[in-house]
Amino acid sequence: MSFAWAKQYEPKSGFTKWIDEKLPLPRLVYDAVGAGYPVPRNLNYMWNFGVLAGFSLVLQIVTGVVLAMHYAASVDVAFGSIEHIMRNVNYGWMLKYAHANGASFFFIVIYLHIFRGLYYSSYKAPREMIWLLGVVIFLLMMATAFMGYVLPWGQMSFWGAKVITGLFGAIPFIGEPLQIWLVGGYAPNDSTLNRFFSLHFLFPFVIAGVVILHIWALHIPGSSNPTGVEVKQESDTVPFHPYYTAKDGFGLGVFLILFTLFVFFLPNALGHPDNWIEANPLSTPAHIVPEWYFLPFYAILRAFTGDLTIPFTGIVLIEAKLLGVIAMFGSILVWFFLPWLDKSPVRSGSYRPLFQKFFWFGLIPTMIMLTICGGAPAEQPWVILSQIFTAYYFLHFLVILPIISQIEVPKPLPFSITQAVLGDGDKDGMHSGGGQHPKPKRAVKDLPGDPDGSLQPAE
Amino acid sequence: MTIRLGGIIFGLVLVAILLLWSLAPGAYSLIAEPAPEKPDYYAFQEDLIEPASGFSFDGPLGKWDYAQLQRGYQVYKEVCSACHSLKYVAFRNLQQLGYSEAEVRAEAANWNVPGIDPQTGEATTRPGEPTDYFPSPYPNEVAARAANNNAIPPDLSLMTKARPDGVHYVYSLNLGYNEPDPADVKKSPNFETPPGLYFNEYFYNVNIAMPPQLYDDLLTYADGTPATKEQLSADVTAFLTWTAEPSLVQRKQTGWFVIGFLMFATALAFLSYKQIWAGIKPKQNNG
């Protein structure tokens, strides 16, 4: 599946012809990430993060598999086995720090990838399935990271696990038995550690499977681009290889420099000192905080401080804890509905003045403030701030986006990607696709309701 | 349309619940009721101190000062080890401090580690071997509590990583047994140091179970360095930084090589990216 002008894989030697007949794996790679995949020519650096996320997953699997060779999942020895890795295993300290910081960098990359999707509305038709699979990957990542953080069996491992598994206890009727069943006891114990280790090993491969579906779904409509105008002609695209392999190579280099800076010079900057203390069920840390990448959702969880009661009767309809759990899971589940909540026919935020304001001055500050509130102790003014920003978070996705997609007047879109890139009167480009279009036709106006006439990819 | 309508309704209901049942009561009590009185406690000193010349292992080019590590080991051995274990460190690791294999073997033999009597099978002690780990001063937790007024002296192996800014914390704590600041005492009139505890301005609740340990000329250094209490604290802090992270210097040195290589590779990647894209007109007005 690709555009009609996509280059075809042509095996040259006898051996590659033989392989292509028996198992056309080289052809698959060629069509997926090689010269056979035409990609819009105007992608900016925000389009680097998909490849970087894939790299991070591989990095976590490779370091994780080696760490698992030296780790022991038992409450008596887990903490000591990490010290064994740090002290006795050859370059164990590097593996451990690369894996721990790798998780943080995986989340940095994935958050930038998600925000790219949100700003350029990559979730819109025809790319809804890519987005939905992406949300599934994100949920799997959160589960994997949470269980991974429990494995070193430090103080934050234990108490974080206790708080998060305790959330299931908020579910009415089945909550408590469900929690005991999930944990394998009343508090995190040997059974918990063993099942978390098993699942922490399994989930990355599940993620890898969904990533394949994610990329498969991407290759049906092809990549989106910063204008949000669909590919119309050959001059709108360049082959993935060598153009984007080269660009991603540079992006990967920058990513690795920042990543290794943390691994070698600031390895504990993103962690919590309490996790260098062995878990002690009898000693509660002063502040239990999750890893930084969960803080916004932790703030949403803690924002609900009051039970939902019938006023003046004292009858509790929903307990505050359950409201918090619903909101926390809801804050991510709402992403599943995004393609149908935001119905603006314009994809790119750059052509949506109203959307742009709410994105930069609403959503982004909200996420930053929720991160800060999630890491702060549960006292004023942080509680009220987290409540205000939690309210905005839900209003943004559920109320503001649907309404602005109705009332907004978008800016005129370029006719095509080629025109956006080359501008007017340029004849020196690789393909002069813009030459035939007289000026008045440059911008497609009055867009709402009018599809942008995108060329459907050929069979 | 149904999804959007449902979304708007769900969003408004959830936000209404949040604002009316959670935010409103909280905001009301914040405005209407006087701020809850903070319990009277003497605020601990958050600004940690460090030796005048810093630590040799600080910074990206940091290196161990082996003489200092050896002095720090002497402080641990003669002072700290009476109460604190060092369970993740083995005698063989001392070779990293610049001791020879024979010296380590001799040093290990100075320590008694738990063993089994080969004749009777009863628990006993024997001289340490290089492969043994530092023994705990107490046979178990109950004994540790009994000997220390119900407080457990924590294991020191990871101490400089297990506290915020742990290196400076350990250094400061050892020197923090000062008199309470009269101004702060006035602010918190209920402040007192209960019997059996000691005032230490860097401890999180300022009353610590550990008595002051380091005094000027507490011990005589083998290398003749004057044993001021600042020197003792700096040396033992350096030693505990090593026990917490023996790979610290190797890590930083490896980092220079790795990042140097990556800078070079990234520069090449950038040039090849620019060269490959040179045939394509650069963007003028992208989205």
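In this predicted model, helix H3 of chain A passes helix H9 of chain A in a left-handed crossing. The contact draws on A:Gly54, A:Leu57, A:Gln60, A:Ile61, A:Gly64 and A:Ala68 from H3(A), and these meet A:Phe201, A:Pro204, A:Ile207, A:Ala208 and A:Val211 from H9(A). Sorted by class, the residues of this contact comprise eight nonpolar, three polar and no charged. H3(A) covers residues 49-70 and H9(A) residues 190-219; their axes come within 10 Å and cross at roughly 155°. Angles over 145 degrees count as roughly antiparallel, and H3(A) and H9(A) are therefore roughly antiparallel to each other.

Along H9(A), the buried residues are A:Thr192, A:Leu193, A:Phe196, A:Phe197, A:His200, A:Pro204, A:Ile207, A:His214 and A:Leu218. Two of these buried residues, A:Pro204 and A:Ile207, also take part in the contact with H3(A). The cover over the buried residues of H9(A) includes H3 along with helix H4 (78-87), helix H6 (128-150), helix H7 (155-166) and helix H8 (175-183), again of chain A.

Attention now turns to the two chains together. Here 61 residues of chain A are in contact with 53 residues of chain B. On the side of chain A that touches chain B, two or more residues come from each of H4, helix H10 (240-265), helix H12 (320-333), helix H13 (338-341), helix H15 (382-407) and helix H16 (417-422) of chain A. Among these elements, H10(A) gives the most, with 14 residues. The make-up of this side of chain A is 37 nonpolar, 17 polar and seven charged residues.

Helix H5 (residues 166-174) of chain B and helix H7 (residues 229-244) of chain B have axes that come within 9 Å and cross at roughly 145°. H5(B) passes H7(B) in a right-handed crossing. From H5(B), the contact takes in B:Val167, B:Val170, B:Tyr171 and B:Asn174; from H7(B), the partners are B:Ser233, B:Ala234, B:Thr237, B:Leu240 and B:Thr241. By class, this contact has five nonpolar, four polar and no charged residues.

How values were computed. Residues are numbered from 1 along each chain as its sequence is written. Chains are lettered from A and ligands numbered from 1 in the order in which they are written. This is a predicted model: local features need pLDDT of at least 70, side-chain atom pairs count only at pLDDT 80 or more; totals for chains, interfaces and linings use all residues. Axes are lines fitted to C-alpha atoms, for helices over the stretch in contact, and angles run from 0 to 180 degrees between N-to-C directions. Helices (H or I, at least four residues) and strands (E, at least two) are DSSP runs, numbered from the N terminus. Angles under 35 degrees count as roughly parallel, over 145 as roughly antiparallel, 65 to 115 as roughly perpendicular and the rest as oblique. A crossing is left-handed if the near helix is turned anticlockwise from the far one by less than a right angle, and right-handed if clockwise. Two residues are in contact if their C-beta atoms, placed from the backbone, lie within 7 Å. Ala, Val, Leu, Ile, Met, Phe, Trp, Tyr, Cys and Pro count as nonpolar, Asp, Glu, Lys and Arg as charged, and the others, Gly among them, as polar. A residue is buried if 20 or more other C-beta atoms lie within 10 Å of its own, exposed if 12 or fewer, and partly exposed in between; C-beta atoms are placed from the backbone.
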